[in-house]
There are 2 protein chains.
Amino acid sequence: MIAKSMVDYVNGSSVIRAMFEEGNKMAKMYGAENVYDFSLGNPSVEPPKAVGEAMRYILQEEKPNLVHGYMNNAGYEDVRDAIANSINQKFDTSFNANNILMTVGAAGGLNVILKTLLDPEDEVVVFAPFFGEYANYIKNYGGVMKVAKTTEDFLPDPELTKEAITEKTKAVIINNPNNPTGVVYSEEDIIKLADVLRECEKEYGHAIYLIGDEPYRELVYDGVTVPYLTKYYEDTIVGYSYSKSLSLPGERIGYLVIPNEVDDYENVFQAAGIANRILGFVNAPSLLQRTVARCLDAEVDIDTYNKNRELLYTELTALGFECIKPQGAFYMFVKAPGGDDKEFVKKAKEFNLLLVPGSTFHGPGYVRIAYCVDYDMIKRALPAFEKLAKSYS
Amino acid sequence: MIAKSMVDYVNGSSVIRAMFEEGNKMAKMYGAENVYDFSLGNPSVEPPKAVGEAMRYILQEEKPNLVHGYMNNAGYEDVRDAIANSINQKFDTSFNANNILMTVGAAGGLNVILKTLLDPEDEVVVFAPFFGEYANYIKNYGGVMKVAKTTEDFLPDPELTKEAITEKTKAVIINNPNNPTGVVYSEEDIIKLADVLRECEKEYGHAIYLIGDEPYRELVYDGVTVPYLTKYYEDTIVGYSYSKSLSLPGERIGYLVIPNEVDDYENVFQAAGIANRILGFVNAPSLLQRTVARCLDAEVDIDTYNKNRELLYTELTALGFECIKPQGAFYMFVKAPGGDDKEFVKKAKEFNLLLVPGSTFHGPGYVRIAYCVDYDMIKRALPAFEKLAKSYS
């Protein structure tokens, strides 16, 4: 008696649940320390001290009815002001409170903006491989997902992008740094993408919104920088989350940036506030709004992720595995020897290694390894990776 | 370029915004203390001390990665256990963690359960007058809202309810205590409603889910009790929120109760967890989950609301206004003299009184007065109400 649209989700989810239950069973059989779980994107690094300090300060000093009460659906004006100023300082932009809409994480923000923009049958382009939830978010509002292929290095390719865009394209989602590949799109990549989008806007005579999903913005290595999208393309909306930068994924706090330059700005900003309300978010959690406004320059200890990355990349490539060295996020996208990612994931499980098949991300032939884990677990897992490699040679 | 479905929302919302802006203008013209705003359901009573204490304890004693990290989409198992036990103790039920799904407030919970249940064109019955957002929540999932008329005292009437139910009815929403009327449905009312629903289930050969929306459960006066719905009708799902009972509306924390007895329980519970994820909530805010689990017996100071209620009811009826004495929530639903609620709201504004027309709640001919305000503001407003009354005599 559940909705027909939910039946497939329940069936699909049973498969994942079975996988988790098997993982739990393995932990019981072999001991938790002998099972190597690289499947989840749950930050292992603690939130910076500033977060707890800010919370304690707010609870002590601010009025409870302010801290825990209703505010404008878009969020507290002083919080949105503070965030706008911080973005302006960092990226030389000129936003104010009316460009910021506080959201229940980036997932909430993406749902809000898709509800705001999509009429049924409108198309949304995503770049393979991509975070699987995009497919669900687009479907929630009757949208149709179109997958653009990318280069061998998982970068948007002008020709392939153009192929995916049609008259019905309302939006394009990019995820930079990328989950699951760890790739970071450079300024050159963004400029090329913006050119394609502008060309298509002209060709089809209507706006094509570029939606940036940027929860991993601060998680970059080797001095790489992530271009701020709004500077390259007018019709850009940026979704951000503090889940990774402050290790607060359970708290559901993020924001949308909706610049004045965006086509139909007034309606988009107002409709997004209404979508936030009627989808049942109402507003982003209030204490967390006030907290992040006091932690604008705080960051988790990225060195920890970097150490994990170096160890895992060095060791896996030494074992013969093929992989682009990730420059951002905390994932590696490794080629499945033999080409069958599901088979490879199964094989890995024989050595107590839990990985996620690339098919989940529309990237078959690869597996995702999340390295937001304990360094020691990686070290303990290396002999298992070695056995896994040998089983393929 | 926003979605067509959002255009009406934006237009409607502009009217409300204009009203707010006028309120702000009035406050500037006459001084904030001379404008009497009875329009908002924003709790005026502070959260109980236990809330701040619990938060400080958790920040001090629990591991940050536990407190702020991802958990099962349904919520922390220990939190769901604690809430189930608390409900069992209070209402003699027998729930466990697998009957509780933590949600982003009651608004989030209602969206989750409607996404879970509704196929396009499925009908959902609501009782007039009702919280206007129900219309939007139902529309979000392609459902069709059917309004059941109620008795003169705003209670469900078996015959009128039956008239609203058809073969396509998938769910029925009740809000007890009621916004905007302040009426509380008694055990007898619920038994009669349950009988009608059971009869219709038989007639149409499928489950009709009763969804209880209960954010005002603890806000009752004169020793009135609110029956716990799951004890009267098998196919019941209860949505709860701590927004009013703990004065935490900005924090977005609540839960759904999905009993084992509900038709298709396993699928409903699992699909609701998935809906929570794919709608972008992902999970209820984590620190708040852990906080409410430590405040299960805490309550805001209801005496404050009761004093407001007594003063306002006594004075308004003495002035000749007609109104059922509210037994719950913090609203009074007052008959508009002359019968035109919009006209009455306009007139009231001339005396700096901000009220909400009953039409907003599908209850024309009445206005809603929210008394979750300062007692002193009510006292200051009394001469204005007197002038308003005189202007009609």
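How many salt bridges does the structure hold over all chains? The count is 31, and several of them come up in the points below.

1. **Confidence.** Please keep in mind that this is a predicted model. The predictor assigns the complex an ipTM of 0.96 and a pTM of 0.97. For chain A, pLDDT averages 96, and 99% of the residues score at least 70.

2. **Domains of chain A.** Chain A splits into domain 1, made of 4–47 + 300–390, and domain 2, covering 49–293.

3. **What holds the domain contact.** Domain 1 and domain 2 of chain A bury about 2500 Å² between them, with 61% of that on carbon and sulfur atoms. One salt bridge is counted between these two domains of chain A. A salt bridge also joins the side chains of A:Arg309 and A:Asp222, with N to O at 2.8 Å. Polar contacts between the domains of chain A amount to twelve residue pairs, both members at pLDDT 80 or more.

4. **The chain interface.** The size of an interface is often expressed as the accessible area lost when the parts come together. Here, chain B and chain A bury about 5900 Å² between them, 54% of it on carbon and sulfur atoms. B:Met1, B:His68 and B:Tyr70 supply 13% of the area that chain B buries against chain A, more than any other three residues. In terms of contact, 72 residues of chain B touch 72 residues of chain A.

5. **Polar links between the chains.** Four salt bridges are found across the interface of chain B and chain A. A salt bridge also pairs the side chains of A:Lys4 and B:Asp119, at 3.5 Å from N to O. There are 42 residue pairs in polar contact between chain B and chain A, both residues at pLDDT 80 or more.

6. **The chain B side.** Seen from chain B, the elements giving two or more residues to the side that touches chain A include helix 1 (4–30), helix 2 (49–61), helix 3 (64–67) and helix 5 (105–117) of chain B. Also among them are helix 6 (133–140), helix 9 (265–278) and helix 10 (286–292) of chain B. The residues on this side of chain B divide into 35 nonpolar, 23 polar and 14 charged.

7. **A salt bridge within chain A.** A:Asp122 and A:Lys170 form a salt bridge, their closest N and O atoms lying 3.7 Å apart. This pair links distant parts of the chain, 48 residues apart. A:Asp122 sits in the loop between helix 5 (105–117) and strand 3 (123–127) of chain A, and A:Lys170 belongs to strand 5 (residues 169–175) of chain A.

8. **Backbone geometry to look at.** Most residues other than glycine have a negative phi, and most peptide bonds are trans. The bond from A:Ala128 to A:Pro129 is cis, with omega near -5°, and A:Pro129 lies in the loop between strand 3 and helix 6 (133–140) of chain A. The bond from A:Asn176 to A:Pro177 is also cis, with omega near -10°. A:Pro177 is in the loop between strand 5 and helix 8 (187–204) of chain A. In chain B, B:Asp92 has a positive phi, near 55°; B:Asp92 lies in the loop between helix 4 (77–91) and strand 2 (100–103) of chain B.

How values were computed: Residues numbered from 1 in each chain as written. Chains lettered and ligands numbered in written order. Heavy atoms only, no water. Domains from an automatic or database assignment. Buried area = accessible area lost by both parts, 1.4 Å probe. Polar contact = N/O pair within 3.5 Å; in protein donor to acceptor, adjacent residues only side chain to side chain. Contact = heavy atoms within 4.5 Å. Helix = DSSP H or I, 4+ residues; strand = E, 2+ residues; numbered from the N terminus. Nonpolar A, V, L, I, M, F, W, Y, C, P; charged D, E, K, R; others polar. pLDDT = per-residue confidence, 0-100.
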